[in-house]
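Biologist: I have a model open and I am new to this. Could you show me how to read its features, one at a time?

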Amino acid sequence: MATVLAIETSCDETAVAVVRDRTLLSNVVASQIDLHRQYGGVVPELASRQHLEAVNPCLATALAESGLGWAEIDAIAATCAPGLVGALLVGITAAKTLALLHGKPFLGVHHLEGHLYATYLSQPELEPPFLCLLVSGGHTSLIQVNACGYYTQRGSTRDDAAGEAFDKVARLLGLGYPGGPAIDRIAKTGNPHAYPLPEGRVSLPNNGGFHPYDSSFSGLKTAVLRLVQRLQAESDQLPIADLAASFQYTVAKALTKRAIACALDHHLPFIAVGGGVAANSELRSQLTTAAQTHSLGVYFPPLKFCTDNAAMIACAAAEHVRLGHYSPLNLGVQSRCNITQVMDLYPSELRRSAEYS
Ligand code: KG4
Ligand code: ZN
């Protein structure tokens with residue numbers, strides 16, 4: 001058994017959680033959305049300062065709500081990559097300080113590995129191999145999970161990530177930030193077939209057709225822009241709900257098609273979805289129906305574990321702790337880091353090492 005306290009500060013949520021293996025003991029999230037909303041997006045310097053203010057109260061609350069004392073915590077983890085460097089530094093510095101103070105092992109965690117395992121918190125019986133459709137503000141990836149720490153990237157985005165496309169189209173439609181939940185909400189009253197939109201495909205070189213798993217959303221975003229300009233020229237009243245529903249339907253269709261093809265082609269029995277866009281109701285509905293048709297399993301985390309949180313980071317860390325993977329105390333933060341490089345965070349000399357004993 002591994003009981004882990006984890007800190008997540010990679011973007012605009014200060015979060016601390018305590019998890020025992022795949023069981024949640026406490027989960028605190030201090031959202032900065034109201035702070036950044038007035039700027040229409042995350043301001044990195046403001047995010048770092050806000051993390052500094054929020055991290056200690058979040059730590060105190062998470063530990064108190066877990067009902068545990070430091071003696072019962074086996075390891076302390078923090079997201080170390082990818083993300084905003086200043087923001088990541090706050091979390092990782094707090095985690096290392098606590099590790100030193102309480103004589104506990106420290107782990108840096110890859111943010112996307114957290115999203116990969118968010119489903120474990122509600123479906124603890126799941127085990128690799130499986131396919132993860134990771135759809136967040138910064139990523140649209142299809143990742144084959146071979147074993148904890150060992151991943152094969154099957155598909156990625158060539159331009160805008162799915163969440164980024166939601167945020168940009170929401171801004172275009174005057175729906176504010178963050179865009180995904182706003183589009184999801186208003187799309188419920190719209191017609192998803194009102195405006196057929198291009199799904200976006202990625203060409204292979206030398207007339208080799210299209211990449212089966214890569215996504216591209218910039219063409220779709222431009223198509224919505226042109227459509228909005230045309231409709232604005234025709235009338236003062238934009239059909240916002242129909243536009244939102246048509247856009248959301250197209251994104252969900254593109255993601256569903258690629259995820260199903262990838263799982264079938266690589267004989268992966270189920271798809272776990274992670275990241276903020278996993279909260280999207282249309283994606284949930286289309287992917288669930290398609291998976292049933294192809295006898296594939298599909299699992300979505302509860303909404304609170306789709307967007308950034310520390311429970312998923314603690315859950316990923318607990319998987320590594322059980323395998324005896326730890327990080328050195330001089331581990332740095334990285335703004336970019338491919339998921340296939342996760343094991344670099346746990347150098348072989350520290351695996352099952354006695355550095356902290
Ligand atoms: O995973 P996440 O919280 O942060 C990143 O690691 O990026 O994802 C945030 C993204 C934002 O772009 C937000 O608009 C999107 O997830 N999002 C949604 C929904 N809820 C959040 N997109 C579509 N539908 C939603 N219901
Ligand atoms: Zn995230």
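Modeller: Start with exposure. A residue is called exposed when its relative accessible area is over 50%, and buried when that area is under 20%; partly exposed lies in between. Keep in mind that this is a predicted model.

Biologist: Then is D344 buried or exposed?

Modeller: D344 has 58% relative accessibility, so D344 counts as exposed. The residue lies in the segment after helix 11 (311-322). Now look across to S327. D344 and S327 are 17 residues apart along the chain, and their C-alpha atoms are separated by 9.0 Å.

Biologist: Is Q32 buried or exposed?

Modeller: Q32 is buried, because its relative accessible area is 2%. Find Q32 in the loop between strand 3 (23-31) and helix 1 (33-37).

Biologist: What lies 3.3 Å from a polar atom of the Q32 side chain?

Modeller: The backbone oxygen of A47 does.

Biologist: Next, helices. How many Å should helix 8 span?

Modeller: The expected span is 1.5 Å times one less than the number of residues. Helix 8 covers residues 240-265, which is 26 residues, so the helix should span 38 Å. Its end C-alpha atoms are 38 Å apart, and that agrees.

Biologist: Now the metal. Which residues coordinate the zinc ion (ligand 2)?

Modeller: H111 and H115 each use NE2, and D308 uses OD. The distances are 2.0 to 2.1 Å. In sequence, the spacing of these donor residues reads H-x3-H-x192-D.

Biologist: Why are H111 and H115 separated by about one helical turn?

Modeller: Both are in helix 4 (residues 111-117), and they are 4 residues apart, which means about one helical turn between them. H111 and H115 are also both buried.

Biologist: Why is the arrangement around the zinc ion (ligand 2) irregular?

Modeller: Check the angles. To count as tetrahedral, four donors need all angles between 85 and 135 degrees. Here the 4 donor atoms subtend angles of 94 to 138 degrees, so the arrangement is irregular.

Biologist: And aromatic rings?

Modeller: A pair of rings is described by the distance of the centres and the angle of the planes. This structure holds 5 aromatic pairs. One of them is Y117 with Y120: stacked, 4.8 Å centre to centre, with 25 degrees between the planes. Both Y117 and Y120 are buried.

Biologist: How do F270 and Y299 pair?

Modeller: F270 and Y299 pair edge-to-face, at 5.4 Å centre to centre and 85 degrees between the planes. F270 is in strand 9 (residues 270-274) and Y299 is in strand 10 (residues 297-299), so the pair ties together parts that are 29 residues apart in sequence. F270 is buried, with a relative accessible area of 9%. Y299 is partly exposed, because its relative accessibility is 24%.

Biologist: Which residues form one aromatic cluster?

Modeller: Y117, Y120, F130, F270 and Y299 do.

Biologist: Which residue lies over the face of Y120?

Modeller: That is R22, at 3.6 Å from the ring centre. Now turn to F210. The charged end of R201 sits over the F210 ring, 3.8 Å from its centre.

How values were computed:
Residues numbered from 1 in each chain as written. Chains lettered and ligands numbered in written order. Predicted model: local features only at pLDDT ≥ 70, side-chain atom pairs only at ≥ 80, totals over all residues. Heavy atoms only, no water. Helix = DSSP H or I, 4+ residues; strand = E, 2+ residues; numbered from the N terminus. Donors = N, O, S within 2.8 Å, 3.2 Å for Na, K, Ca; no water. Tetrahedral: all angles 85-135°; square planar, octahedral: opposite > 155°, others 65-115°. Buried < 20%, exposed > 50% of the residue type's maximum accessible area, 1.4 Å probe, protein only. Phe/Tyr/Trp six-rings, centres within 6.5 Å; stacked < 30°, edge-to-face > 60°. Lys NZ or Arg CZ within 6 Å of the ring centre and 35° of its normal. Polar contact = N/O pair within 3.5 Å; in protein donor to acceptor, adjacent residues only side chain to side chain.
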